[in-house]
Amino acid sequence: MIRKIFICLAIFILSLSVTYAAENSVVDTAKILNANQIKNLTEKIEQIEQKHQIRIGINFMKSVGQRNIDTIANERLRKYFSDGVNGGAILVVDIDNRKWDVAIDAKLKQRIMSYSDIANGDFYDKLHADDYVGACNVYIDNIDRLLNYYETNGEQYDSFYEFDPMALMIAIVLAIVIGF
């Protein structure tokens, strides 16, 4: 009888922890963030979620094992972050295998062209330098910036049309070299 009570209690506690993890925007089962970092990221996410009527998730995992991280990101997106009026996004990071993925749902894809606009060079640099909080902040800031652009201009941001001074310099140098 006592054994059954302990089993029921264990199942109850497990279900509470799964529900708790599902409701939080930042889940760190890899234990790489401290409580203050999780709190700060969660507060920042909540502001952006309210501002744009979206859902944003961050999930650090110790390892995804043999599973495909893209599949895991899309599963978690559908299960926990698909209830935003204007869509949802999730960043999943596999610490042991140094893999990551950003998944965005169909509603958010109408506002943000692709995950590569969210995960830009600054994001990569911080993630590869193991600055996980910095990478998360860039991820959140990029979502906010891209949605601000969409809400202001009524169209998705497209980096193809962005002016690049370095490209201009290279073109001028090549034109001079070819001219000679």
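Modeller: The largest nonpolar core has 33 residues, of which Ile 58, Phe 60, Leu 91, Phe 123, Tyr 139 and Ile 143 touch the most other members. This is a predicted model, in which local features need pLDDT of at least 70 and side-chain atom pairs count only at pLDDT 80 or more, while totals for chains, interfaces and linings use all residues. Residues are numbered from 1 along each chain as its sequence is written, and side-chain values use heavy atoms, with hydrogens and water left out.

Biologist: What makes a set of residues a nonpolar core?

Modeller: The members must be buried Ala, Val, Leu, Ile, Met, Phe, Trp, Tyr or Cys residues joined through side-chain atoms within 4.5 Å, where buried means under 20% relative accessible area, exposed over 50% and partly exposed in between, with a 1.4 Å probe and protein chains only.

Biologist: Why are α6 and α7 called roughly antiparallel?

Modeller: Their axes, which are lines fitted to C-alpha atoms over the stretch in contact, with angles from 0 to 180 degrees between N-to-C directions, cross at roughly 160° and come within 7 Å. Angles under 35 degrees count as roughly parallel, over 145 as roughly antiparallel, 65 to 115 as roughly perpendicular and the rest as oblique, and α6 and α7 are therefore roughly antiparallel to each other.

Biologist: Which residues of α6 and α7 meet?

Modeller: With contact meaning heavy atoms within 4.5 Å, Asp 122, Phe 123, Lys 126 and Leu 127 in α6 meet Tyr 132, Gly 134, Ala 135, Val 138 and Tyr 139 in α7.

Biologist: Why does Arg 98 count as partly exposed?

Modeller: Its relative accessibility is 47%, so Arg 98 falls in the partly exposed class. Arg 98 lies in the loop between β3 and β4, and its phi is near 50°, a positive value in a residue other than glycine.

Biologist: What makes Asp 130 partly exposed?

Modeller: Asp 130 is placed in that class because its relative accessibility is 41%. Asp 130 sits in the loop between α6 and α7, and has a positive phi of about 60° although it is not a glycine.

Notes: Helix = DSSP H or I, 4+ residues; strand = E, 2+ residues; numbered from the N terminus.
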